[in-house]
Amino acid sequence: MSKLLIFLGIYLFTIPVFAQQLSITDLTCEYRNNPQGIETLSPALSWKLKSTQREVKQTAFQVLVADNPSALAKDKGNIWDSQKVSTAQSIQLPYKGKSLISNKTYYWKVKVWDNKGNATWSAVHHWQMGLLKKADWKEAKWIAYEKLNDSNVNILPTDGKKDKYTGNNILPLLRKSFKVDKAIKKATIYISGLGHFEMSMNGKKVGDHFLDPGWTKYDKEALYVTFDLTKELKKGENVIGVMLGNGFYYVPPVKERFRKLKVAFGYPKMICRLLIEYKDGTFANVSSDESWKTSPSAITFSSIYGGEDYDANLEQKGWDAAGFNDQRWKQVILVDGPALSSQKAEPLKIFENFEAKTIVKQESTGDWIYDLGQNASGIIELKVKGKKGDTIKIMPAELLKADGTVNQKPTGSPFYFQYILKGDGIERWSPKFTYYGFRYLQVKGGIPIGESNTANKPIIIGLKGLHMRNAAASVGSFESSNQLFNQTNSLIDWSIKSNMMSVFTDCPHREKLGWLEELHLMGSAIRYNYAAAPLFKKALVDMRNSQTPEGLVPEIAPEYVKFEWGGDMFRDSPEWGSSSILLPWYLFQWYGDEQVLAENYSMMKRYIDYLTTKANGHILTQGLGDWYDLGPKPPGVSQLTPMGITATAIYYHDLQIMEKIAALLSKQADAVIYRNLAVSVRKAFNQKFFNVATKQYGSGSQAANAMAVYMELVEPEHKTVVVDQIVKDIRSKNNSFTAGDIGHRYLLRVLENEGRSDVIFEMNSRADVPGYGYQIAKGATALTESWAALPTVSNNHLMLGHLMEWFYTGLGGIRQENDGIAFNHIKIYPEVVGDVKAVKSSYESPYGLIATDWKKADGSFELKLTIPANTMATVYIPAQKAQSIIEGDALVKDRQEINLVGYENDRVIIKIGSGNYHFKIQ
């Protein structure tokens, strides 16, 4: 008994000690956990610290990198040993060891010392290099079923031009049989299939990706994907099978299907290298070459814009497995292909499944209408039973017509999925190389199970919607006592999820194009929700590849089409092209990524030079202006804000940012040029657009005044009056807004920055005027293209979701101080407005979790906080000087680790380090 008591005493005594020990989590290389296909020779390493103690700071680290785990187990880094480095840096640490080698896997761990006397090692993580140069592809060649005639290649079509030809292309299968006769240590395949591919090994799909690889500017670059096949290979015969789809690489010119673009880089093709490392130290390669065989697949039509058709009677059972007779298959042909880069962003994957909420028969056609309840990007999953040759046609749509049938007119028609049965029991099918945005499905040719079926039609046993999107992890959450705001957050989130593909698209149906203004205007809202840094960086590569010789960054990247109606307004808008400058700067601010500035500086510089040549007296007037603002006419080009205001304001903002970037990169001469040019632009802007009598810009629109304030174009003595004019205009319109795609974010930013979140609340806590609540009242389940949720345009659109940023920065209060980088200096400033009684928000920052949880009741206010280790925070809590401020069970003034700074604007200001806190104001 005494021994037991002694043991329990020791155990209980040591619990707090162990609980307070430091731990290291979330080791990443180039933003990803244990990534493959790394191509940079100095990858950026990051980690996070966790501790139950408060005010924890890293004081030193040591990184070890080895080419085998056993070395790390002995605390040896035979590739790199950073030694102990006294610094707080825990993000974006550049690797500085031995030269990295193609295909090789590197193992790493980090030791951290903190200011509390703790020291600990992390778990072992790894990264695998990609193929660093063209020669590393060895004998691999691009192979195909057929080749598109050079005369029909069209890499940048102009809208409105007639087709050179009409016809469908073959969607091929490719196979290669090979033998393995020794024990395998590791097998890695590097593969690209254009436009998209799906690979199998020995009859089983490899991975869970969808629409690999991500789409790019194919005349400049194609992406390859890396898969570990070590567990998939077996002794004896093995078979690689590859299916190819068109994607944006080739949009077939079939007249019976919707076709937004006429882009034609070529017919589908594939390249791969499988590298096998045997346990005896030898190697083998299986590469795409003339020895591969090919045959048409059962996919008879596939278009990123028109849908997909599948004839199950054309299936070749076992085609991708050992023992299949491919004597009737033909040899592949060799073709040319673009330069290859590793796919560094997360792949697309299938996420939520949606069953029908209702199934209704449409009497005039006899078709069946499935309502899935949610408008989302995706494909269908069909489960059907019927006779050989029976055909099921499924038409997806966001909305219904008055007669109850699906309405594809606003989103691209005709688009449909078609399946021809083989008559072999229960058949399951999903399309592989296309997708659409939809809530409703109209089914022709089949009868839902359980319904009367006197005509003996195929029985639809199951029909679901499968939502697909980029697999960037979720990093944010928001919930409030205001249900309309919660619904609005979901509304915007579905538009983000539905347009977060391998590019940030405008909509998941009609266009699927990377309109660039979304990146800098919606980027902040997106980063609070998703770990999208690799996808943002991929967007910058698309911009570099799409930039013209003159320096123009077009409005779309990758640029697949030149929209010429309306002149160049749909190609040359500074508000769009400026993502090439603003996005790198934001990535530096959000994630501490300085390398992204260096990588894109040439593009930024060339774009600024281009804008300078276009300016007339330092004023830019081209483009779309405040697109889709709320005016008296149907939405489109700016109605309320004169052309030139938004373009020139963005131009000035670009120059301000370029001065900072140039200085950061030690390009002092450039910094001086940009600073001087900015002074001239500011002077010209105020001379042309500022009305001294009314103290407003241009027409006095919300967008014009807000952008002038945000970009610091307003002279200091006029700023307060201009802000008052913004509020006055909103009040005069019954607390409603008018700003559009460009101006709306800046309107919200100015109101929040100037302490007028009460106005933001009043504008958005309603459903009787066009806006978020109005869209929800109209039945929208994803953010719509127009403020008024017009049925004539897209009803799942990314561009107007700026209020989500305020949910985090305003209501949640999670902001960054001006001197902060990657949230190392956090600003907690919850806005307690309107009838909002409680808010919970969180953001997994580069340093760790930031969380706020506040509620107010009967004159009291409570705030629970989580601040990550290795950071500090300044907290602004609503309070009067006479009120008591308690943290936990003690007064704040009695807490040594809490610094009570003072009071300002009815808030108590407190500085704290990392940890969990519970403040009460009474």
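## Leu 513

Leu 513 counts as buried because its relative accessibility is 1%; buried means under 20% relative accessible area, exposed over 50% and partly exposed in between, with a 1.4 Å probe and protein chains only. This is a predicted model, in which local features need pLDDT of at least 70 and side-chain atom pairs count only at pLDDT 80 or more, while totals for chains, interfaces and linings use all residues. Residues are numbered from 1 along each chain as its sequence is written, and side-chain values use heavy atoms, with hydrogens and water left out.

The loop that holds Leu 513 runs between helix 3 (483-499) and helix 4 (517-529). Helices are DSSP runs (H or I, at least four residues), numbered from the N terminus.

## Contacts of Leu 513

Leaving aside residues up to four places away in sequence, Leu 513 touches several residues, including Phe 248, Leu 261, Tyr 305, Phe 504 and Phe 563. Contact means heavy atoms within 4.5 Å.

## Second largest cavity

A cavity is a set of points on a 1 Å grid over the protein atoms alone where a 1.4 Å probe fits but cannot get out, and lining residues have an atom within 4 Å of a point. The second largest cavity holds about 60 Å³ of space; a volume is the space filled by probe spheres set on the points, which are joined across faces, edges and corners.

Phe 504, Gly 514, Trp 515 and Leu 516 are among the residues that line the second largest cavity.

## Largest cavity

In the largest cavity there is about 70 Å³ of space. Its lining has 15 residues, and Gly 214, Gln 343, Ala 345, Glu 346 and Ser 502 lie nearest its centre.

Methods. Helices (H or I, at least four residues) and strands (E, at least two) are DSSP runs, numbered from the N terminus. On a 1 Å grid over the protein atoms alone, a cavity is a set of points where a 1.4 Å probe fits but cannot get out, and a pocket is an open set with protein on both sides within 12 Å along at least five of seven lines; lining residues have an atom within 4 Å of a point.
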